[in-house]
Number of protein chains: 2
Amino acid sequence: MSTIIQQIKPADIEAESFRIIDREHGAHPFDAATWSVVRRVIHATGDFSFADTLRFAPGALAAGLAAIRAGKNILTDVNMTASGISKHLLARYGGKVLCGVADPEVAEQARRRGLTRSEVAIDLLLPENIGIVAIGNAPTALLRVMERRQTLAPEQRPELIIGVPVGFVNAAESKELLSQREYPHITALGRKGGSPTAAAIVNALLRLAVAESG
Amino acid sequence: MSTIIQQIKPADIEAESFRIIDREHGAHPFDAATWSVVRRVIHATGDFSFADTLRFAPGALAAGLAAIRAGKNILTDVNMTASGISKHLLARYGGKVLCGVADPEVAEQARRRGLTRSEVAIDLLLPENIGIVAIGNAPTALLRVMERRQTLAPEQRPELIIGVPVGFVNAAESKELLSQREYPHITALGRKGGSPTAAAIVNALLRLAVAESG
């Protein structure tokens, strides 16, 4: 069997990937901005099924872009999601990526309170000028964000919740609940999701913000 | 619509996820150790298709376990994969996770040489007592590892190459090539893969090493 490796410059790999996705996926119901998010998730996962499962609440993209432009921070549940976010793009606007899950104080509180470390990290960091919450791993963290959001004053609430935890225990259920909320959110129904999905959604928003800034 | 969230203790979520995967997947051709790797990938991705696409070269698990027990280091292509590896389990054996992709010297060399940062990071770190290489993102990094391996003295070669890059340009092709090699490797055919897949494979090996030591 002969396997052909394409010769392509590093800087052109992403654009070529997007061309392949556009060509193979064909017609879709999304506007251009939304498709740029969906396409980046497909690119990060190699999985076209996200075109069927991703859900965007009305105003979700605008809310995310406003949060980025306002220089607000992004809160993630796990370090893998934080690692995947383009910090150099976010830094243009003044925001930072926050993730408390590896903090020793968080681990100690989690043991004491019988919670997951993700839940405790959410509690501690949600008041830290968060514009976007990006949950890529832990359903417990997503449920916690949804619960805590209700207790925050309106001006303290994150503009956008991206909830795409992955897995077999409460992932699909937590995302089903998020999809029923009226506030700005982006989710992916079913079991699939994950850190690359969460990071891809944030990175697509960052590219949209940069593109619109000119 | 009513969505039911399961009440389950944080410490029990993983075991319950594994029970669900066992039950839904049913019969499989893998031995117990190999299934523990496949199952952890399914757990990390929510995607049963990895049971069909994962490929294990003969001796791959034994080679990985030997590398871990010898205290060798693990080299990853991207920080997302490095983030996902259980450093506290690896530390029991003395190994470290290495990833050079964010090193400013690597970026500079990549620009100068017209290579990806992943490729340059591989070149610089492959001689650093690497037992396992885990490529979760960049096909170029996997191709580089396969090429460089040939130039290393036998005693310098990594014991195991885990190659599961994701995407549309050269990901499937690079993994097809790896699957044809006779040396110890683990790969996932097709476009799917990614950092969580690479980290899950390493973490499953670490759990096997701990279980066998215990």
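Contact here means heavy atoms within 4.5 Å. The model is predicted, so to speak of a local feature takes pLDDT of at least 70 and a side-chain atom pair counts only at pLDDT 80 or more, while totals for chains, interfaces and linings use all residues. Residues are numbered from 1 along each chain as its sequence is written, chains are lettered from A and ligands numbered from 1 in the order in which they are written, and side-chain values use heavy atoms, with hydrogens and water left out.

Let's start with helix H10 of chain A, residues 171–179. Helices (H or I, at least four residues) and strands (E, at least two) are DSSP runs, numbered from the N terminus. The buried residues of H10(A) are A:Ala171, A:Ser174, A:Lys175, A:Leu177 and A:Leu178. They sit on the same side of H10(A), because they cover an arc of only 155° around the axis, going by the directions from the helix axis to the C-beta atoms. Buried means under 20% relative accessible area, exposed over 50%, and partly exposed in between (1.4 Å probe, protein chains only). What covers these residues of H10(A) includes helix H9 (139–151), strand S5 (160–163) and strand S6 (185–188) of chain A.

## The nonpolar cores

A nonpolar core is a set of buried Ala, Val, Leu, Ile, Met, Phe, Trp, Tyr and Cys residues joined through side-chain atoms within 4.5 Å. The largest one has 45 residues, and B:Ile132, B:Ile162, B:Ile201 and B:Leu205 touch the most other members. Helix H11 of chain B (residues 195–213) gives the most to this core, with 11 residues.

Take B:Leu205: leaving out residues up to four places away in sequence, B:Leu205 touches B:Leu61, B:Gly64, B:Leu65, B:Ile68, B:Ile132, B:Leu160 and B:Ile162. There's also a second, separate core of 44 residues, which includes A:Trp35, A:Ile186, A:Ala204 and A:Leu208.

## Where the chains meet

Chain A and chain B each put 43 residues into the contact. Together they bury about 3300 Å², 68% of it on carbon and sulfur atoms; buried area is the accessible area (1.4 Å probe) that two parts lose on being put together, summed over both. On the chain A side, A:Met80, A:Phe168 and A:Val169 supply 21% of the area buried against chain B, more than any other three residues.

One joins the side chains of A:Asp47 and B:Lys192 (3.6 Å, N to O). The elements of chain A that give two or more residues to the side touching chain B are helix H1 (13–25), helix H2 (32–45), helix H5 (79–84), H9, H10 and helix H11 (195–213). H1(A) has the largest share of that side, 6 residues.

## Salt bridges worth a look

The whole structure has 28 salt bridges over all chains. In chain A, the side chains of A:Glu212 and A:Arg69 meet at 2.7 Å, N to O. That pair links distant parts of the chain: A:Glu212 in helix H11 and A:Arg69 in helix H4 (residues 60–69), 143 residues apart. A:Glu212 is exposed, with a relative accessible area of 53%, whereas A:Arg69 is partly exposed at 40%.

Over in chain B, B:Lys192 and B:Asp47 form a side-chain salt bridge (2.8 Å, N to O). B:Lys192 lies in the loop between S6 and H11 of chain B and B:Asp47 in the loop between helix H2 (32–45) and helix H3 (50–53), so the pair ties together parts that are 145 residues apart in sequence. B:Lys192 is partly exposed at 21% relative accessibility, but B:Asp47 is buried at 6%. Salt bridges with shared partners join A:Asp47, A:Lys192, B:Asp47 and B:Lys192 into one network.

## A buried histidine

B:His185 is in strand S6 of chain B (residues 185–188) and counts as buried, at 3% relative accessibility. The side chain of B:His185 reaches the backbone oxygen of B:Tyr183 at 2.9 Å. Neighbours within four places in sequence aside, B:His185 is in contact with B:Arg55, B:Phe56, B:Ala57, B:Ala60, B:Leu160, B:Ile161, B:Leu178 and B:Ser179.

Methods:
Salt bridge = Lys/Arg side-chain N within 4 Å of Asp/Glu carboxyl O. Polar contact = N/O pair within 3.5 Å; in protein donor to acceptor, adjacent residues only side chain to side chain.
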